Amino acid sequence: MKSQIQHIHQQLIDKTISCVDLVQEKLNLLKDNTHNTVNSLLTDVALEQAAKVDTKIANGETIGLLEGIPFGIKDVYMLQGTYATASSDLLKKYKSAYTATAIQKLLDAGAIPIVKENCDSFGHGSSSENTIFGAVKNAVNPELVGGGSSGGSAVNVAKDYTVFSIGGDTGGSVRQPAGYNNIYGLKPTYGRISRYGLMAYASSTDCVGPLAKSVEDIRIVLNAMSGKDTKDQTTYTSETIEESNILNTSDIKTVGYFKNFIESEAIDAQIKNDFLASIEKIKAKGIQVKELDFFKSDILVSTYYTLAMAETASNLSRLDGTNYGDRIDDKDLKESYAVTRSEKFSEETKRRIVGGNQVLSQGFSDEIYLKGLALRDAISENFEKDFEEVNIILSPVTPSTPPKIGDSLKDPLAMYLSDAYTVGFSLGQLPTLTVPQGTETGLQVTAAKNNDELVLKFANFLKDTI
Amino acid sequence: MSKIMTVDVLSSIKGAQPSEAVNRLFDVIKNAQTTNNNPFNNNHNNCVSLDNLRDDVVIESSTVEKQIIKDNFPKEKDGYLVVSKVIDA
């Protein structure tokens, strides 16, 4: 699919549509939708912004590429004056006091936020069922989950309710729902986009990520949000990725894939066959394909969840109902904390907080948490060696097709294991893009750190190859 | 006060118990073989150089920001945040 952003931009300039009509149409679609993708609509502000864009066009002024483009925001981002609920009971009435850097950059470019989108509470989930707003229903088959945790964002893009959406990816939360709903979803290199104003889940892997229907739209939005930010000192300066730089794919010579991902007993037979068929098509284009050794899936999942739970236990310790959020008062401060947290956090969130405090406590931290950190280093070293041999690593997004709504909540271990193919790249802080091709839940394209450009370039190559 | 704190106390979650599903993840880590057992010998540091630290200055919040922070108070009286009494049991 071609760039929707460019297409709509041209329509606005040509005055074949008005920005107000465009935004109103999207708001109507969101309001009427039955996929549970909406936590709150930003109707008034959005229409006001759209009217300003129309005035500018009517006055013959030039507008930027993103100006007037309606987009969605996962409900874990701050946007001043709007609700930021994290799909949680605790923050259901919380309003953002300030705006996240990534979102501010899009506002500065003129894009119009129209919706705060449903997701797993605090990013805790892989199905967007852990939410007070009702399970997100898959865009293709509403009996199946929308994926998670950025499920509402993925479904909105897939159904054309938003032109693009901004999700958050800690262990696969952009890439997996993108795969489940047949769209593109990027987890950029860690630090490329500022996390300031994104509610922290696991700070060492949290990434801001765009979801869209084309590589070109991912590129445009990525460029708009990237850059160093003094409010997030893990950010770095990156260069703009030019469209012309990702069209010529002749410098991609070698592609690798992890043998054990494909030989695993857990992989769905059809996904395996489709993945191997995609590899053959790539080989047929003269690209060398190498099988690579990697850590077992259960090690990857366990390492990721050990570190993510430790980090989320620390990050969510601030949520005690004192300064903000819903509070349940009890006999004293400590009891108020405990009762509020017990009543207002979901079962999955509590499971992760308790797990995190387990691994951080004396007697457990050496054999679990510190070992997890050591394993993470070994995983990163493994990636560094791999990228001395290959330009790109290709993998399936998920071992299986989307589960039915209701199944994931019954079996948390199965849900954790379903993240087997996404979490490793998060631990490595690598740029990884889901493309809606190759298998029923897509393919993941990964490159070395800071090489987001190569990921987009290879995605363009796949468009013409598979 | 006892030095041993259980996970429900550490987590400020009443009656919290370790979960079977999560324990199974931790068992994998316990049994994993690592060639490098030094977690501080890492290569994923996202350090900031001393020259690049942000200025150590107080930035005044905007009036809107201050008002929203107050609006978010779970309990408020005369513009102040009301909290439960602090009694260390």
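In helix H7 of chain A, the buried residues are A:Val215, A:Glu216, A:Asp217, A:Ile218, A:Arg219, A:Ile220, A:Val221, A:Leu222, A:Asn223, A:Ala224 and A:Met225. That makes eleven of the eleven residues of H7(A), which spans residues 215-225, so this helix is largely enclosed by the rest of the structure. All of this comes from a predicted model, one that scores ipTM 0.91 and pTM 0.96.

Chain A has an open sheet of eleven strands, and going across it the order is S1-S3-S2-S4-S6-S5-S10-S11-S9-S7-S8, with mixed pairing. At the edges stand S1 (38-41) and S8 (288-292) of chain A; each has a single partner strand, so one side of each is left without a neighbour in the sheet. From one strand to the next, the twist averages 25 degrees.

What holds such neighbours together? Strands of a sheet pair through backbone hydrogen bonds, and the pairing can be parallel or antiparallel. For the parallel kind, take S2 (residues 70-74) of chain A, which pairs with S4(A) over three bridges. Here A:Gly72 has A:Ser165 in S4(A) as its bridge partner.

Helix H2 (residues 19-32) of chain A touches S1, S2 and S3 (112-117) of chain A, and its direction makes about 5 degrees with that of S3(A). Helix H13 (residues 365-389) of chain A lies across S7 (254-258), S8 and S9 (392-396) of chain A, and runs at about 145 degrees to S7(A).

Back in the sheet, strand S10 (residues 432-435) of chain A gives examples of the antiparallel kind. With S5 (residues 184-187) of chain A, S10(A) pairs in the antiparallel sense over three bridges, and A:Leu186 stands opposite A:Leu433 in S10(A). With S11 (residues 443-446) of chain A, S10(A) again pairs in the antiparallel sense, over four bridges. There, A:Thr432 stands opposite A:Thr446 in S11(A). Are the faces of S10(A) covered or uncovered? Both are covered: A:Thr432 and A:Thr434 are buried on one side, and A:Leu433 and A:Val435 are buried on the other.

As for annotation, an unreviewed UniProt entry lists residues 32-456 of chain A as "domain: Amidase". In the model, that span is 38% helix and 13% strand, and its end C-alpha atoms lie 34 Å apart.

That leaves the second chain. Chain B averages a pLDDT of 84, and 80% of the residues score at least 70.

Terms used: Residues are numbered from 1 along each chain as its sequence is written. Chains are lettered from A and ligands numbered from 1 in the order in which they are written. This is a predicted model: local features need pLDDT of at least 70, side-chain atom pairs count only at pLDDT 80 or more; totals for chains, interfaces and linings use all residues. A residue is buried if 20 or more other C-beta atoms lie within 10 Å of its own, exposed if 12 or fewer, and partly exposed in between; C-beta atoms are placed from the backbone. Helices (H or I, at least four residues) and strands (E, at least two) are DSSP runs, numbered from the N terminus. Two strands pair if DSSP finds at least two bridges between them. pLDDT is the predictor's confidence in each residue, from 0 to 100. UniProt positions are given in the numbering used here, feature names are shortened, and annotations may be inferred rather than shown by experiment. Axes are lines fitted to C-alpha atoms, for helices over the stretch in contact, and angles run from 0 to 180 degrees between N-to-C directions. Two residues are in contact if their C-beta atoms, placed from the backbone, lie within 7 Å.
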